[in-house]
Amino acid sequence: MIAKVWLVGAGPGDPELLTLKAVRALKSADIVMIDDLVNPAVLEHCVSAKVIGVGKRGGCRSTPQDFIHRLMLRYARQGKCVVRLKGGDPCIFGRGSEEAEWLGARGIEVELVNGITAGLAGATQCGIPLTLRGVARGVTLVTAHTQDDSSLNWQALAQTGTTLVVYMGVAKLEEVQRELLAGGLTASTPVAMIENASLPHQRECRSDLANMSNVAQTFRLKSPAVIVIGEVSGQGRVKRECLEIIDSHLSAKG
Ligand code: SAH
C-alpha cells in the first residue's frame, strides 16, 4: 500500500461492526492514531503498527487538533502508512473532513473509510427503526454541544417531523427537553437513551419527552450516549431494568 493517511471509522464499539476496508487499512498500517471512543479490541487487526492515543473527550485532558494534524503529516512524509482511527464514522461529528482538507492542502493523499455512526448503531441495537413508513419520514442527526457554546434552534428542530438523534447530549438534556416542548413536540413523544451502544455494557433507557431529563438522572445516564427522540422510539423491546426505572420514577412523582 502506498504511503497515505487513512481516516477510518471504527464504528460504535462492537469490533464486528468494523468494515472490511477498515480491517484492510489496519492490517497495512505502520502508524495508528486512535481516539478515546474507539474500542482498542479493533487493534487486533494490526500487524506491526505503532499505536498512538490522541483522544480528546469533552472536559478531559485532550490532544490539541493542531498536534494531531502535524503528527499525521510528519509520519506521512516519512512514507509511513498512517491510519487515523475515529469512533463511529469519521465525518459524523468527527472532524474527518477537516483533517482530510488540512492534509490534502499539504499534498498528502487521503482516503476516508466509513464507519457505522453511534446514532444508527444505538437505535438498531434497541430495535428502533429511525425511519418507519407512516411514522417517520426522515432522521436528523444533531449535536447538543457546539464549540462556541451557542444554542441550537431546537424549536425549529421540533417542527421537522423527523426522528431526532442527539449526540453529546447527556449534559444538556434539560435544555433539549425544554426547548423541544416549547417548539411544539408533544410531552408524550417517546425517547430512547442508549449508552455505550453495541458494547457488552450497553445500557438503554426509555422515557417520554416530558420526563426525559429526570429519567436519565434516575438511570444515571453517562456519556457516551445517544438520545433518540420521536415516535419510533416507542418501537423495539424495552429491557426490564429500564421499565423498572420508569415505574419507580413515575411512582416517586406520586
Ligand atoms: N464520529 C462519532 C461521533 C463522535 S462525537 C460517530 O459517528 O459515532 C461523540 C459522541 O458520539 C458521544 O458524545 C455520543 O453522543 C456518541 N457516541 C459515540 N460512541 C457511542 C456509543 N458507543 N454509544 C452511544 N453513543 C456514542
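**Helix packing and domain contact in a predicted model**

In helix 6, Leu173, Glu174, Val176 and Gln177 meet Met212, Ser213 and Ala216 of helix 7 (contact means heavy atoms within 4.5 Å). By class, this contact of helix 6 with helix 7 holds 4 nonpolar, 2 polar and 1 charged residues. Here Ala, Val, Leu, Ile, Met, Phe, Trp, Tyr, Cys and Pro count as nonpolar, Asp, Glu, Lys and Arg as charged, and the others, Gly among them, as polar. The model is predicted: local features need pLDDT of at least 70, side-chain atom pairs count only at pLDDT 80 or more, and totals for chains, interfaces and linings use all residues. Residues are numbered from 1 along each chain as its sequence is written, and side-chain values use heavy atoms, with hydrogens and water left out.

Helices (H or I, at least four residues) and strands (E, at least two) are DSSP runs, numbered from the N terminus. Axes are lines fitted to C-alpha atoms, for helices over the stretch in contact, and angles run from 0 to 180 degrees between N-to-C directions. Angles under 35 degrees count as roughly parallel, over 145 as roughly antiparallel, 65 to 115 as roughly perpendicular and the rest as oblique. The crossing of helix 6 with helix 7 is right-handed (the near helix is turned clockwise from the far one by less than a right angle).

A second pair is formed by helix 2 (residues 65-77) and helix 3 (residues 96-104), whose axes come within 10 Å and cross at roughly 50°. These two helices are therefore oblique to each other. Their crossing is right-handed. Gln65, Ile68, His69, Arg70, Met72 and Leu73 of helix 2 meet Glu98, Glu99, Trp102 and Leu103 of helix 3. The residues of this contact comprise 5 nonpolar, 2 polar and 3 charged.

Two backbone features fall in loops. Arg95 lies between strand 4 (82-86) and helix 3. Its phi is near 60°, a positive value in a residue other than glycine. Pro224 sits in the loop between helix 7 and strand 10 (225-229). The peptide bond from Ser223 to Pro224 is cis, with omega near 0°.

The protein divides into domain 1 (5-113) and domain 2 (118-253), with bounds from an automatic or database domain assignment. Their C-alpha centres lie 29 Å apart. Domain 1 gives 10 residues to the contact and domain 2 gives 14 residues. About 830 Å² is buried between the domains, 68% of it from carbon and sulfur atoms. Buried area is the accessible area (1.4 Å probe) that two parts lose on being put together, summed over both.
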